[in-house]
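Please find below a short note on the structure under review.

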Amino acid sequence: MKIIYFSLGYSTHDYRFLKSISDGGHEVFFVQLEGNTRTVEDRSVPENVHQVIWKGGREPFRWGNLAKLTFDFRRLTKEIKPDLIHAGPIQTCAFIAILSGFRPILTISWGFDLMDDVHRNKWWEWVTRYTLKRSTFFTSDANVTKDKAVAYGMNPEKTIVFPWGVDLEHFSPTIDHRPSTMVNRPSSAVTLFCNRSWESRYGIDVLARAFVKVAQQHENVNLILLNGGSQGGKIRQILQSGGVLDRVIFGGQVSQTDLPRWYHMADLYISPSHVDGSSVSLMEALACGLPCLVSDIPANKEWVVDDENGWLFKDGDANDLAEKILAAISQREKLPEYGRAGRRSAEMRADWKKNAEALMNVYRSLGGKNAQ
């Protein structure tokens with residue numbers, strides 16, 4: 001098939017989708033709506049993928065440019081003549097694809113579009129409903145987002161849920177790979193790890209406040225924070241005011257190649273996110289055999305079972321998070337058992353190689369004769 005893959009930027013998720021589509025024998029045209037403000041994927045666009053030059057892809061999306069972008073996207077569909085358009089997030093890429101008049105369109109939710117963006121205002125809600133009612137098919141990575149899509153007008157018979165998953169060979173439990181800066185830490189030390197972006201929806205400020213409380217009661221606990229974001233100043237201020245800045249390792253942006261090594265440095269993975277679909281970083285942690293402590297939002301509950309492969313804490317509650325961290329530390333000898341349970345759950349549900357085939361099946365069903 002000839003497929004237009006239309007996405008907001010170029011991330012690790014985009015790389016994996018593009019590679020799977022291309023490896024599946026399809027001709028892929030990659031259309032990017034915005035220019036990346038920072039590099040979140042260090043690998044080049046996969047071979048045999050056509051990067052499309054158009055009026056978008058250079059700057060952040062603005063509603064004032066909607067008409068210009070829609071007309072130019074319509075031009076692309078007439079020139080490329082795709083068999084299918086795969087587009088998301090809903091209120092930007094999928095909306096423009098729908099407005100272009102082309103069908104069939106596979107609308108894909110990125111989680112935040114249905115769990116957060118739809119609630120911005122009445123306009124975003126209308127755009128969501130308009131797009132979903134006109135989408136040929138819908139896919140997401142969590143039941144909670146599928147249910148919301150149906151509530152906003154998507155035909156429930158034209159939906160499929162599959163976790164985006166991870167490479168279980170790349171992210172796996174292995175021998176210790178701690179770098180020299182960590183090797184000499186006390187054997188009683190406990191390392192917490194989080195690699196969510198420093199944006200308000202991911203709650204890193206909640207983790208920072210909780211860590212201050214934990215560090216006041218436990219002298220051998222430290223924290224690894226990867227990534228960065230607009231809340232960087234606020235987060236560092238919380239840590240500095242709490243007197244724990246010297247107990248935090250800031251790893252910055254880490255490549256996919258190097259990322260497993262960072263999971264292996266830790267004893268406990270933490271995600272304080274307020275909004276999520278099936279979090280890929282959570283699946284990576286589970287695949288690496290790392291016990292997980294996550295906010296009790298619906299999508300996380302689909303992956304983490306209290307006292308089985310990790311724990312849940314009250315979303316947004318730094319006190320509860322601190323208590324759960326201390327409880328996990330107090331039973332540190334049991335953490336490997338929780339980690340093994342996490343690995344089993346990843347093997348059952350988070351294998352990207354298997355889950356990508358679900359996407360290929362959707363393509364075949366929508367592409368008709370051309371997909372055979």
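1. With which residue does glutamate 125 form a salt bridge? The partner is arginine 129, and the closest N and O atoms are 3.9 Å apart. As the model is a predicted one, this distance is a computed value for the pair glutamate 125 and arginine 129. Both residues belong to helix α5 (residues 122-134), where they are 4 residues apart, about one turn of the helix. Glutamate 125 is partly exposed because its relative accessibility is 25%, and arginine 129 is likewise classed as partly exposed, at 30%.

2. A salt bridge also connects aspartate 267 with arginine 332, with 3.4 Å between the closest N and O atoms. This pair links distant parts of the chain, the two residues being 65 residues apart. Aspartate 267 lies in the loop between α10 (259-265) and β11 (268-271), whereas arginine 332 lies in the loop between α13 (318-330) and α14 (335-349). Aspartate 267 counts as buried because its relative accessibility of 12% is under the 20% limit. Arginine 332, with a relative accessible area of 25%, is partly exposed.

3. Within helix α14, glutamate 347 and arginine 343 are 4 residues apart, about one turn of the helix. They form a salt bridge whose closest N and O atoms are 3.0 Å apart. Glutamate 347 is partly exposed at 39% relative accessible area, while arginine 343, at 14% relative accessibility, is buried. The structure holds 18 salt bridges.

4. How do helices α8 and α9 pack? The axes of α8 (residues 204-217) and α9 (residues 232-241) are 9 Å apart and form an angle of about 5°. The two helices are therefore roughly parallel to each other, since angles under 35 degrees are classed in this way. On the α8 side the contact is made by Ile204, Asp205, Ala208, Arg209, Phe211 and Val212, and on the α9 side by Lys234, Ile235, Ile238 and Leu239. Of these contact residues, 7 are nonpolar and 3 are charged, with no polar ones.

5. Two cis peptide bonds deserve a look. One joins glycine 88 and proline 89, with omega about 10°; proline 89 is placed in the loop between β4 (84-87) and α3 (90-99). Another runs from arginine 103 to proline 104, with omega near 5°. Proline 104 is in the loop between α3 and β5 (105-108).

6. Lysine 81, although not a glycine, has a positive phi of about 55°. Lysine 81 is located in the loop between α2 (66-80) and β4 and is exposed, with a relative accessible area of 59%. Aspartate 307, also not a glycine, has a positive phi of about 65°. Aspartate 307 lies in the loop between α12 (298-301) and β13 (310-313), and counts as exposed at 54% relative accessibility.

7. Finally, the confidence of the prediction. The chain has a mean pLDDT of 92, and 94% of its residues reach 70 or more. Over residues 176-185, however, the pLDDT is below 50, and this stretch has 20 contacts in the model beyond near neighbours in sequence. Where pLDDT is low, predicted coordinates should not be read in detail.

Key. Residues are numbered from 1 along each chain as its sequence is written. This is a predicted model: local features need pLDDT of at least 70, side-chain atom pairs count only at pLDDT 80 or more; totals for chains, interfaces and linings use all residues. Side-chain values use heavy atoms; hydrogens and water are left out. A salt bridge is a side-chain nitrogen of Lys or Arg within 4 Å of a carboxyl oxygen of Asp or Glu. Buried means under 20% relative accessible area, exposed over 50%, partly exposed in between (1.4 Å probe, protein chains only). Axes are lines fitted to C-alpha atoms, for helices over the stretch in contact, and angles run from 0 to 180 degrees between N-to-C directions. Angles under 35 degrees count as roughly parallel, over 145 as roughly antiparallel, 65 to 115 as roughly perpendicular and the rest as oblique. Contact means heavy atoms within 4.5 Å. Ala, Val, Leu, Ile, Met, Phe, Trp, Tyr, Cys and Pro count as nonpolar, Asp, Glu, Lys and Arg as charged, and the others, Gly among them, as polar. pLDDT is the predictor's confidence in each residue, from 0 to 100.
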